[in-house]
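Subject: Structure handover

Hello,

Here is the structure for your files. Please open it alongside this note. My findings follow below it.

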Amino acid sequence: MLGYKIKIRVWLCILVACKISSALNNGLALTPPMGWLAWQRFRCTIDCETFPDECVSEKLFMTTADLLVSEGYDKVGYKYVVIDDCWMTHNRTADGKLQADEKRFPHGIKALADYVHSKGLKFGIYESVGTKSCEGYAGIKGYEKIDAQTFAEWGVDYVKLDGCYTDERKMDTNFPQFGKYLNETGRPMIYSCCWPFYQEGKGMQVNYTLVSQSCNLWRNYGDIQESYDSLIDVLDNFAVKQDIWAQYAGPGHWNDPDMLLIGNFALSHEQSQTQMALWAILAAPLFMSNKLSTVQPNFKKILQNTDVIGINQDKLGIQGKRVYKVA
């Protein structure tokens, strides 16, 4: 049982057996990864004078790591603290390496990763496969091998690779290539790809067999926004494409419907229960994107519901499918 009564107005779901394809062979993400990711709640906020507690900075991620532990999130499975866009500068160092913004990350990314690890947590970082990140900062194109090695040297455990400023037709080559470079470093790093979303958006046929062999998780659809309507839009698109997408989900490789909105502004208590339950049924990665210091107890209880998390973390890794839609 889920542990509470859930009103699901749009979906009635059951778990069904699906054919599972071969996965990225790095031994990681055997159950959907869980943690905290900055983007939905904090976006590209870089004005630390006006927003000292909400700007993309080492302070934000250190505070988040502290709260994941002190508030007990780590004990139920939330282990990853992941930076999104806007952490880096627009230009690289003279020897071609990425560098963090010195004002917002004065001690550097390696020191931040060390701090997160000291809390018993894992550290994740963002980049884009093209010439720039989606917000216009330095991208990895032309520096793929050196960036993979830099991430390993910094102690990164999770890499989210976006798809801005590149040709979607080349993604079948450049996303797998970067995953190969990550594996060659010898450091275990979960590889999260935004590859299918960009090709789906262009109406292209996505090679999901190749995606599932190259990435541990991947975004199929657009960014979830701070609204219940956006949540339902994501779910409806997952239902429409479920016969294509669900067969590729399983241990080591997951469809990703994007972040949990729970604890922010848009969702009611019931709507938050709905998202948590359906993300569990979908075998989706569970990444909160909220200000942990302001999450109210009733929403914290939803996020830490071990019965629901247990469904999500089932070792079979079977993605649920919609079997009936309420009119």
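One term first: contact means heavy atoms within 4.5 Å. Helices (H or I, at least four residues) and strands (E, at least two) are DSSP runs, numbered from the N terminus.

This is a predicted model: local features need pLDDT of at least 70, side-chain atom pairs count only at pLDDT 80 or more, and totals for chains, interfaces and linings use all residues. Residues are numbered from 1 along each chain as its sequence is written, and side-chain values use heavy atoms, with hydrogens and water left out.

Start with α5, residues 171-184. Helix α5 has 14 residues and runs 20 Å from its first C-alpha to its last. That is close to the 20 Å expected at 1.5 Å a residue. The expected span is 1.5 Å times one less than the number of residues.

Buried means under 20% relative accessible area, exposed over 50%, and partly exposed in between (1.4 Å probe, protein chains only). In α5 the buried residues are M171, N174, F175, P176, F178, G179, Y181 and L182. Their cover includes α4 (144-154), β5, β6 (190-193), α6 (195-201) and α7 (208-214). Just after α5, G186 takes a positive phi of about 85 degrees.

L210 sits in helix α7. L210 is partly exposed, at 23% relative accessible area. Leaving out residues up to four places away in sequence, L210 touches D172, P176 and W195. L210 and P176 are 34 residues apart along the chain, and their C-alpha atoms are separated by 8.2 Å.

Now α10, residues 269-281. Helix α10 has 13 residues, which should span 18 Å at 1.5 Å a residue. Its end C-alpha atoms are 19 Å apart, which agrees. How much of α10 is buried? Eleven of the 13 residues are, so α10 is largely enclosed by the rest of the structure. The buried ones are Q271, S272, Q273, T274, Q275, M276, A277, L278, W279, A280 and I281.

**Two side-chain pairs**

A polar contact is a pair of N or O atoms within 3.5 Å. Within protein, one must be able to donate a hydrogen and the other to accept it, and residues adjacent in sequence count only if both atoms are side-chain atoms.

D157 lies in the loop between α4 and β5. D157 is buried, with a relative accessible area of 6%. What does the D157 side chain join in a polar contact? The partner is the side chain of R187, at 2.8 Å. Neighbours within four places in sequence aside, D157 is in contact with Y80, H117, K122, F123, R187, P188, M189 and I190.

R322 is in strand β10 (residues 321-325). R322 counts as buried at 19% relative accessibility. Its side chain joins that of D236 in a polar contact of 3.4 Å.

**Loop residues**

K132 is in the loop between β4 (122-128) and α4. K132 is partly exposed, at 39%. Residues up to four places away not counted, K132 touches Y137, A138, G139, C164 and Y165. K132 and D162 are 30 residues apart in sequence and 9.9 Å apart in space, C-alpha to C-alpha.

Most residues other than glycine have a negative phi. R43 has a positive phi of about 50 degrees although it is not a glycine. R43 lies in the loop between α1 (39-42) and α2 (58-70) and is partly exposed, at 27% relative accessible area. C86 is another non-glycine residue with a positive phi, near 80 degrees. C86 is in the loop between β3 (80-82) and α3 (108-118). C86 is buried, at 0%.

**The cavity**

A cavity is a set of points on a 1 Å grid over the protein atoms alone where a 1.4 Å probe fits but cannot get out; lining residues have an atom within 4 Å of a point. Grid points are joined across faces, edges and corners, and a volume is the space filled by probe spheres set on the points.

The search of the whole structure finds one cavity of 30 Å³ or more. The largest cavity holds about 90 Å³ of space. Its lining is L37, Y158, K160, S192, C194, L217, R219, D256, D258, M259, P285 and F287. The elements giving two or more residues to that lining are β5 (158-162) and β7 (217-219).

Best wishes

Conventions
On a 1 Å grid over the protein atoms alone, a cavity is a set of points where a 1.4 Å probe fits but cannot get out, and a pocket is an open set with protein on both sides within 12 Å along at least five of seven lines; lining residues have an atom within 4 Å of a point.
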